[in-house]
Amino acid sequence: MYFYQFVLIPCLCALTTATAAAPIGTLIGWRRLVYFGEALSHASLLGIALALWLGLPPVIGIWSITLLLVLLLYLIERSGRENPSNILGSLSHIALALGYLVMSQMENVRTDLLAYLFGDILATEPRDLAAIAIATAISLLTLRALWQPLILMTVSPAIAKTEYPASRRYDLAFLLLIGLFIGTTVQYFGLLLVIALLIIPANTANRLAKTPEQSAAIAALLAAISTILGFALAFNANLPVSPAIIGVAGILYFAVLIHTRAGKKQAGGT
């Protein structure tokens, strides 16, 4: 019973989340939406705080703030007058600060701030695994449908507008996809770590892959390895699971970075 409740279910939740996050993260990096992902995850704290203040389930607050930011970024990109990264970079930290301020004023509500910041994957239950599996399936199926248009829009926006006249709809669909994924997983991995799960394996894979498809596959594999090793490290060394997973992912990133740079120096020397 202990193995099933505190090892198997949490590990499956983390593994499912990580392997879906990595391919999405490759497109987030290519589409230069890292600030958007950070804004979504950081603003989740404000959504949670407002939901608790109003006596609502935290997930309602998370989804409300997620949809609001998706709409905001879509309108900013459509206007073309402002740099979305500048606005979202500022909004990310403003929302994080406001969320903490709101929570600090709720003396009658007991909250575990560390769980919201860093996640509590060990508290997951079979129903959480089902929710994550559904969100993952929807995310990967949507990503598959959007893959070619978004790749072309990244490489050659002019050609993409010719091939896909409704290219803005693909952008909106991808923003909603990111919102769906972060809105579902932030309550398990924590708002400070969920974006790392999206970005780090993808950045690592980009140094090894030669095609976008290879990058997505390698990123998923690296995310799965990071999850398994992170769980093993956490249980053997009595460490928090989510930071352990991200820590392992970081070690893999720097190992690949050193390896690829050493390979380039050897190639340059010859």
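## Overall fold

A helix here is a DSSP run of H or I with at least four residues, numbered from the N terminus. Alanine 22 is found in one of these, helix α1. The model is predicted.

The protein has 11 helices and zero strands. Read along the sequence, the pattern is α-α-α-α-α-α-α-α-α-α-α. The radius of gyration is 19 Å, close to the 18 Å that the globule rule gives for 270 residues, so the protein is as compact as a globular protein of that length. Along its principal axes, the C-alpha trace spans about 65 × 50 × 30 Å.

## Burial, surface and charge

Of the 270 residues, 45% count as buried. Take the contacts between residues at least 6 apart in sequence: 77% of them join residues at least 24 apart.

The accessible surface comes to about 13,900 Å². Carbon and sulfur atoms account for 64% of that surface. There are 15 positive and 11 negative side chains. The centres of these two sets lie 13 Å apart.

Alanine 22 sits at 0% relative accessibility; that is under the 20% cut-off, so it counts as buried. Its C-alpha atom and that of leucine 198 are separated by 5.3 Å.

Which residues is alanine 22 in contact with, leaving aside its neighbours within four places in sequence? They are Leu198, Pro201, Ala202, Ala219, Ala220 and Ala223.

## Helix α2: serine 41 and histidine 42

Helix α2 covers residues 34–53 and holds histidine 42. Serine 41 has its place in helix α2 too. Serine 41 is buried at 0% relative accessibility. Histidine 42 is buried, with a relative accessible area of 9%.

Their contacts beyond four places in sequence can be listed side by side. Serine 41 is in contact with Ile182, Val186, Leu191, Val194 and Ile195. Histidine 42 touches Ser92, His93, Ala95, Leu96, Leu191 and Leu192. Leu191 is on the list for serine 41 and on the list for histidine 42.

Leucine 193 is found in the loop between α8 (167–189) and α9 (194–206).

Leucine 193 and proline 243 are 50 residues apart in sequence. In space they are 7.3 Å apart, C-alpha to C-alpha. Not counting residues up to four places away in sequence, leucine 193 touches Leu117, Phe118, Ser242, Pro243 and Ile246. Proline 243 is therefore one of the residues within the 4.5 Å contact limit of leucine 193.

## Aromatic pairs

How many aromatic pairs does a search of the whole structure find? It finds three. Two of them are described here.

The rings of phenylalanine 231 and phenylalanine 235 have their centres 6.0 Å apart and their planes at 20 degrees. That angle is under 30 degrees, so the pair is stacked. Both residues lie in helix α10 (residues 212–237), four residues apart, which separates them by about one helical turn. Phenylalanine 231 is buried, with a relative accessible area of 4%. Phenylalanine 235 is partly exposed, at 35%.

The pair of tyrosine 253 and phenylalanine 254 has ring centres 5.2 Å apart. The planes are at 75 degrees, so this pair is edge-to-face.

## Backbone with positive phi

Most residues other than glycine have a negative phi. Two residues depart from this pattern here.

Arginine 32 has a positive phi of about 55 degrees although it is not a glycine. Its place is in the loop between α1 (2–30) and α2. Arginine 32 counts as exposed, at 73% relative accessibility.

Asparagine 238 likewise has a positive phi of about 55 degrees and is not a glycine. Asparagine 238 is found in the loop between α10 and α11 (241–269). With a relative accessible area of 72%, asparagine 238 is exposed.

Methods: Residues are numbered from 1 along each chain as its sequence is written. This is a predicted model: local features need pLDDT of at least 70, side-chain atom pairs count only at pLDDT 80 or more; totals for chains, interfaces and linings use all residues. Side-chain values use heavy atoms; hydrogens and water are left out. Helices (H or I, at least four residues) and strands (E, at least two) are DSSP runs, numbered from the N terminus. The radius of gyration is taken over C-alpha atoms; the globule rule is 2.2 Å times the number of residues to the power 0.38. Buried means under 20% relative accessible area, exposed over 50%, partly exposed in between (1.4 Å probe, protein chains only). Accessible areas come from the Shrake-Rupley method with a 1.4 Å probe; for residues, only the protein chains shown count as cover. Lys and Arg count as positive and Asp and Glu as negative; His and the chain ends are not counted. The place of a charge is taken as NZ of Lys, CZ of Arg, CG of Asp or CD of Glu. Rings of Phe, Tyr and Trp (its six-membered ring) pair if their centres lie within 6.5 Å; planes under 30 degrees apart count as stacked, over 60 as edge-to-face and the rest as tilted.
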